[in-house]
Amino acid sequence: MADRGHGNKNQMLFLGGTSHPELAQLVASKLGVRLCEITTFHKLNRETTVEIKESVRGKDVYILQTGTKDVNNDIMELMIIAYACRTSSASNIVGVIPYLPYSKQSKMRKRGCIVGKLLATMLGKAGFTHVITMDLHQKEIQGFFNIPVDNLRASAFLIDYIQTSLPDYRNAVIVARNPNSVKRATSYAERLRLGIAVVHGDERLTESDEDDGRTSPPPLPDLQSRSKANNAFGLELLPRVAAKEKPPFNVVGDVGGRIAIIVDDMIDDVDAFVKVADILKERGAYKVLVVATHGVLSSDAPRLIEDSSIDEVVVTNTVPHEVKKMHCHKIKTVDISVLLCEAIRRIHHRESMSYLFRNVGMDD
């Protein structure tokens, strides 16, 4: 697809990885281009081999690959394709990554590391010159990259679904399932002109702060022993660090007789959503919806959703989940391929991206 008078004379080449071929085909058809032929296979020792069947020399290459349950293979395949294009003298290499894997690991936890920064560095070293993604878990992840990153928002599509699919959506309330989701919930509530409720309390998350040794050495039995131990090293008496204690689950806001719409950026492990839905139903909500951009739905999530008090789960097609929908009729899909298509078109023609972010808050 050659440019015509927009300042870019390079030909576009669109590649699709193996993670989400349906989305790649949708985007290609909307762009009016064909998918470049590429062969990807795994050897007996599980090494990934990639062969691009066309010349990429001097072309702008767009590679669509998203994160799935086979996340590590998805990432490695993406970087191998990018490096193959780089060593074959592609002019620009743009990664179209609707769901960026490891985006939840964007903070230092215990004695681990910030894996999101590692992934950003690896993608840059592989040869990418630009990345398009959607609804990062934390928008600050864009700062991990040394290349331009466009973080698109799916909120407009999800809001449109709510308005068209719920005739009585005016009787709804937007729910933040924890205090960390308040900004996102507020953004939805302001656009839909609805109220907001916040669930606060003892939600046992895997990322919760536990005793991980950062208060080492452990406190000694009595004050005199602690004083002697510290003075032996020339230290002042260190104060004890009080452990965090969350109150029981509580809903701040009125959900009685209303539709409760829980909003988040992704739904992966559904246990927390199921617990919140149960509490909302106990508080009088007559219908509970979960609205999220990325439907990762790991493990037995479809069965848990089917057996829960959640009435509907609305996600976009950034992650493939057609098989999971066969096991759970409550899962609904919103297509966002047109947004990816428009982003690619604007980048290729060197047009402004600000139109795609118009009327979209930065905290969506």
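Which strands does helix H7 (residues 271-282) lie across?

**View 1. Confidence across the predicted model.** This is a predicted model, in which local features need pLDDT of at least 70, side-chain atom pairs count only at pLDDT 80 or more, and totals for chains, interfaces and linings use all residues. Residues are numbered from 1 along each chain as its sequence is written, and side-chain values use heavy atoms, with hydrogens and water left out. pLDDT is the predictor's confidence in each residue, from 0 to 100. The protein averages 87, and 85% of the residues score at least 70. Over residues 1-5, pLDDT stays under 50. The model has 12 contacts (heavy atoms within 4.5 Å) for that stretch beyond four places in sequence. Residues 205-212 also stay under 50, with nine contacts beyond four places in sequence. Where pLDDT is low, the predicted coordinates should not be read in detail.

View 2. Helices (H or I, at least four residues) and strands (E, at least two) are DSSP runs, numbered from the N terminus. Five strands form an open sheet here, in the order E1-E4-E5-E6-E7, with parallel pairing. Strands E1 (12-16) and E7 (149-152) are at the edges. Each has a single partner strand, so one side of each lacks a neighbour in the sheet. Two strands pair if DSSP finds at least two bridges between them. E4 (residues 60-64) and E5 (residues 92-97) run parallel and are joined by five bridges. Tyrosine 62 has valine 94 in E5 as its bridge partner. Helix H2 (residues 71-87) lies across E1, E4 and E5. H2 runs at about 170 degrees to E4. Axes are lines fitted to C-alpha atoms, for helices over the stretch in contact, and angles run from 0 to 180 degrees between N-to-C directions.

**View 3. The seven-stranded mixed sheet.** Seven strands form an open sheet in the order E10-E9-E8-E11-E12-E13-E14, and the pairing is mixed. Its edge strands are E10 (250-252) and E14 (331-334), each pairing on one side only. From one strand to the next, the twist averages 25 degrees. E9 (residues 195-200) and E10 run antiparallel, joined by three bridges. Valine 199 stands opposite valine 251 in E10. Helix H7 lies across E8, E9, E10, E11 and E12 (287-294). H7 runs at about 165 degrees to E11. Helix H5 lies across E8 (172-176), E9 and E11 (259-266), at about 165 degrees to E8.

**View 4. Helix H4 against helix H5.** The axes of H4 (residues 155-165) and H5 (residues 182-192) come within 11 Å and cross at roughly 50 degrees. H4 and H5 are therefore oblique to each other. Angles under 35 degrees count as roughly parallel, over 145 as roughly antiparallel, 65 to 115 as roughly perpendicular and the rest as oblique. H4 contributes Ser155, Leu158, Ile159, Ile162 and Gln163 to the contact, and H5 contributes Tyr188, Arg191 and Leu192.

**View 5. Helix H1 against helix H10.** The axes of H1 (residues 21-31) and H10 (residues 337-348) come within 9 Å and cross at roughly 55 degrees. H1 and H10 are therefore oblique to each other. Leu23, Leu26, Val27, Lys30 and Leu31 of H1 meet Ser337, Val338, Leu340, Cys341, Ile344 and Arg345 of H10.
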